[in-house]
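Colleague: I am new to this structure and would like to learn how to read a ligand site. May we go through the features one by one?

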Amino acid sequence: MQRLKLAIQKKGRLSDESIKLINECDISFPSSTGKLVTSAYDFPIDILFLRDDDIPDYVQDGVADIGIVGENVLVESDKKVDEVLKMGFGKCRLSLAVPRNMEYKSVADLAGKSIATSYPKILQQFLDSKNIKADIHVISGSVEIAPGIGLADAICDIVSTGSTLLSNGLKEAEQIFQSEAILVKNKNLSTEKNDILNNLLFRLEAVKRAQKNKYILLNAPNESLDKIISLLPGINSPTVQAFAKEGWSSVHSVITEKDFWEKIQQLKEAGAEGILVMPIEKLIY
Ligand code: PRT
Ligand code: ZN
């Protein structure tokens, strides 16, 4: 039987979340043996631990069948792979930043300037789209120090909280690309490997959906049941059970994290009591 080869980052910002998500799909493998490849015990996948920059290349060439990588790295690499699923972690943006004391009104202020970056392709595309000509200096790390040491007038780098820019005397001027971790696959997977991938996706989607939803259990006075049910669409409709105490019912449903606190407030105002909210492990429609 074939096994699907999944590439994840060996050590870095995407490693822990990638491993956590795989484990939450009830797929386990020996932890940090220092090996480059390891086999899952209970699912037909082998896991390859790689540098993130190598993942698009390995997936394109079929050394790995699928991989989890930042969209920033994927787009910059320009490799031919299929995008399968956004993973919901590793969120960041690629931004242009300039010295704090530089007057910056628009991207036109960067014309003729030098910009240091590790993302020359994405930056060039952005500048072309704005019809701006600038000098791109490719450097592989510590991009944020370039203006301070006189290497460049501006930088284009990954920003998450913005504190690295701040501590290097820079300010964010333009956000040019939004990124998160993404699952990619080789374009020519065998039918058997595609079946394993679909099985994995089924689990991943159930876990991701569960993370976005909560199970809610509450007591409702019968006279408010209609109002409370209208607030709780559930997967189909909420489950309502008669309560031992006369005139009351127990209501079970699923609510999304998005409008969670607003919903709880509305439910309380409608007369709900004893509201219990619980995490969901898997959610399958
Ligand atoms: O060794 P390897 O090559 O595998 O790892 P790496 O050092 O190239 O990458 P790593 O682990 O730093 O990042 C992996 C991926 O995480 C990136 O490709 C992004 O998709 C994503 N990611 C999410 C980030 C950040 N957030 C992030 N904040 N990647 C880098 N940063 C850096 C950024 O370069 C800057 O130095 O963090 C700093 C900015 O952070 P703030 O919070 O101060 O704004
Ligand atoms: Zn890297």
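Colleague: Which pocket is the space taken by ligand 1?

Modeller: Please bear in mind that this is a predicted model. The space that ligand 1 takes is the largest pocket.

Colleague: How many residues surround ligand 1, and which are the closest?

Modeller: A shell is read as the set of residues with a heavy atom within 4 Å of the molecule. Here 22 residues surround ligand 1, and the closest are R51, N72, T161, G162 and T164.

Colleague: How does the shell around ligand 1 divide into nonpolar, polar and charged residues?

Modeller: Five residues of that shell are nonpolar, 10 are polar and seven are charged.

Colleague: Which polar atoms of R13, R51 and G162 lie by an oxygen atom of ligand 1?

Modeller: A polar contact is read from a pair of N or O atoms within 3.5 Å. For R51, a polar side-chain atom is 2.8 Å from an oxygen atom of ligand 1. With R13, a polar backbone atom lies 2.8 Å from an oxygen atom of the ligand. G162 also has a polar backbone atom there, at 2.7 Å from an oxygen atom of ligand 1.

Colleague: What share of the accessible area of ligand 1 does the protein cover?

Modeller: In general, the size of an interface is often expressed as the accessible area lost when the parts come together. On its own, ligand 1 has 840 Å² of accessible area, and the protein covers 77% of it.

Colleague: Which elements give two or more residues to the shell around ligand 1?

Modeller: They are α3 (71–77), β9 (154–159) and α5 (163–167). The most comes from β9, which gives three residues.

Colleague: From which domains does the shell draw at least three residues each?

Modeller: Those are domain 1 (4–90 + 180–210) and domain 2 (92–179). The domain assignment of the chain also gives domain 3 (213–279), and the C-alpha centres of domain 1 and domain 3 are 38 Å apart.

How values were computed:
Residues are numbered from 1 along each chain as its sequence is written. Chains are lettered from A and ligands numbered from 1 in the order in which they are written. This is a predicted model: local features need pLDDT of at least 70, side-chain atom pairs count only at pLDDT 80 or more; totals for chains, interfaces and linings use all residues. Side-chain values use heavy atoms; hydrogens and water are left out. A polar contact is a pair of N or O atoms within 3.5 Å; within protein, one must be able to donate a hydrogen and the other to accept it, and residues adjacent in sequence count only if both atoms are side-chain atoms. Accessible areas come from the Shrake-Rupley method with a 1.4 Å probe; for residues, only the protein chains shown count as cover. On a 1 Å grid over the protein atoms alone, a cavity is a set of points where a 1.4 Å probe fits but cannot get out, and a pocket is an open set with protein on both sides within 12 Å along at least five of seven lines; lining residues have an atom within 4 Å of a point. A molecule sits in a cavity or pocket if more than half of its atoms lie within 2 Å of its grid points. Helices (H or I, at least four residues) and strands (E, at least two) are DSSP runs, numbered from the N terminus. Ala, Val, Leu, Ile, Met, Phe, Trp, Tyr, Cys and Pro count as nonpolar, Asp, Glu, Lys and Arg as charged, and the others, Gly among them, as polar. Domain bounds come from an automatic or database domain assignment.
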